[in-house]
Amino acid sequence: MIILLVGSPGSGKGTQARFISERLAIPTISTGDMLRAECESETVLGLAAQSILAAGRLVDDELVNAMVVNRLSRPDCGDGFILDGYPRTIPQAFFLDSFVEERGLPSPRVIHLDVPMPVLISRLSSRWHCSTCHRTYNLLYQPPARKGRCDVDDAMLVQRNDDTEQVVRQRLESYHSLAGPLLDHYAGDRYHRIDGQCPPEDISRQIEEALRPVAAIPRGR
Ligand code: ADP
């Protein structure tokens, strides 16, 4: 099964991607994580993408498409995969359509986590994560037990350098200007809108229900 997780920055895609990935035993491909890894390793792509990410703008479609195809061609994607943060633009969506068709893959299911703008700004600018295990915390709603330290491994918490308020606004604007056409592209039976303000466990349950007809997830597993 192919699942596209669509939602604004801060909508909770990462949390739900982890849940679906465990449940269905398929990998999550997050273009944001891949790009950040490229930046850290200072690859040619990473060096080209660094300033774009820092400003909250989008990396060129061609670069992202090539990176995604490369990743999807690996054997662990054979039983399906979750895409988090891709496609983000209409050309990326068309590119994915052709990829799916050429390889005879099933049509993607689209899970849209919908969250209103003011909630997103507050969530993102108070989001920190563990520098070692990458667990995410929200200083307002879900703070760690010890200030600045991860509950799991006591490592230092850090903030993504694009989670500052100014860059957050830029990322949200960029998302909202593209989201409408993208969601129109996927309108129909394969599209599921979920209220991203519900508690994470409720959202997971709703995703499970939405995917059940095709995913054959055993009840109460
Ligand atoms: P968020 O969804 O919170 O903005 P991501 O981790 O998905 O964060 O992405 C971080 C950054 O990586 C984006 O702001 C953008 O610069 C780049 N990026 C991620 N996915 C794509 C994509 N599909 N197309 C272009 N740029 C992307």
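This is a predicted model: local features need pLDDT of at least 70, side-chain atom pairs count only at pLDDT 80 or more; totals for chains, interfaces and linings use all residues.
Residues are numbered from 1 along each chain as its sequence is written, and side-chain values use heavy atoms, with hydrogens and water left out.

Let me start with the ligand. Its shell consists of 18 residues, and the closest are Thr 31, Arg 57, Gly 85, Gln 92 and Arg 171; a residue is near the ligand if one of its heavy atoms lies within 4 Å of it.

Which side chains make polar contacts with the ligand, if we take a polar contact as a pair of N or O atoms within 3.5 Å? Arg 171 places a polar side-chain atom 2.6 Å from an oxygen atom of the ligand, while for Arg 88 the corresponding distance to a ligand oxygen atom is 3.3 Å. In the case of Gln 92, a side-chain N or O atom is 2.9 Å from a nitrogen atom of the ligand. Of the 540 Å² of accessible area that the ligand has on its own, the protein covers 96%, with areas from the Shrake-Rupley method and a 1.4 Å probe.

Turning to the strands, I will count two of them as paired if DSSP finds at least two bridges between them. Strand β4, residues 109-114, is joined by five bridges to β1, residues 2-7, and the two run parallel; Leu 5 stands opposite Ile 111 of β4. Five bridges also join β4 to β8, residues 191-195, again in parallel, with Leu 113 opposite Ile 194 of β8. Why is β4 described as largely enclosed by the rest of the structure? The reason is that five of its six residues are buried, where buried means under 20% relative accessible area, exposed over 50%, and partly exposed in between, using a 1.4 Å probe and protein chains only.

There is also an open, antiparallel sheet of three strands in the order β6-β5-β7, whose edge strands, β6 (136-138) and β7 (157-158), each pair on one side only. Strand β5, residues 127-130, has three bridges to β6, including those that pair Arg 127 with Asn 138 and Trp 128 with Tyr 137. On the other pairing, two bridges join β5 to β7, and His 129 stands opposite Val 158. Between β5 and β6 lies a hairpin turn of five residues, in which His 134 has a positive phi of about 70°.

What about disulfides? The structure holds zero, a disulfide being a pair of cysteine sulfur atoms within 2.5 Å. For Cys 133, the closest cysteine sulfur is that of Cys 130, and because the two are 3.8 Å apart, they are too far for a bond. Cys 133 is partly exposed, at a relative accessible area of 33%, and Cys 198, at 22%, is also counted as partly exposed.

Finally, some backbone details, for which the background is that most residues other than glycine have a negative phi, and most peptide bonds are trans. Tyr 86 and Pro 87 are joined by a cis peptide bond with omega of about -5°, and Pro 87 is in the loop between β3 (81-84) and α5 (90-102). Ala 25 has a positive phi of about 55°; it sits in the loop between α1 (13-24) and β2 (28-30) and is exposed at 64% relative accessibility. Glu 42, too, has a positive phi, near 55°, in the loop between α2 and α3 (44-55), and at 55% relative accessibility it counts as exposed.

Conventions. Helices (H or I, at least four residues) and strands (E, at least two) are DSSP runs, numbered from the N terminus. A polar contact is a pair of N or O atoms within 3.5 Å; within protein, one must be able to donate a hydrogen and the other to accept it, and residues adjacent in sequence count only if both atoms are side-chain atoms.
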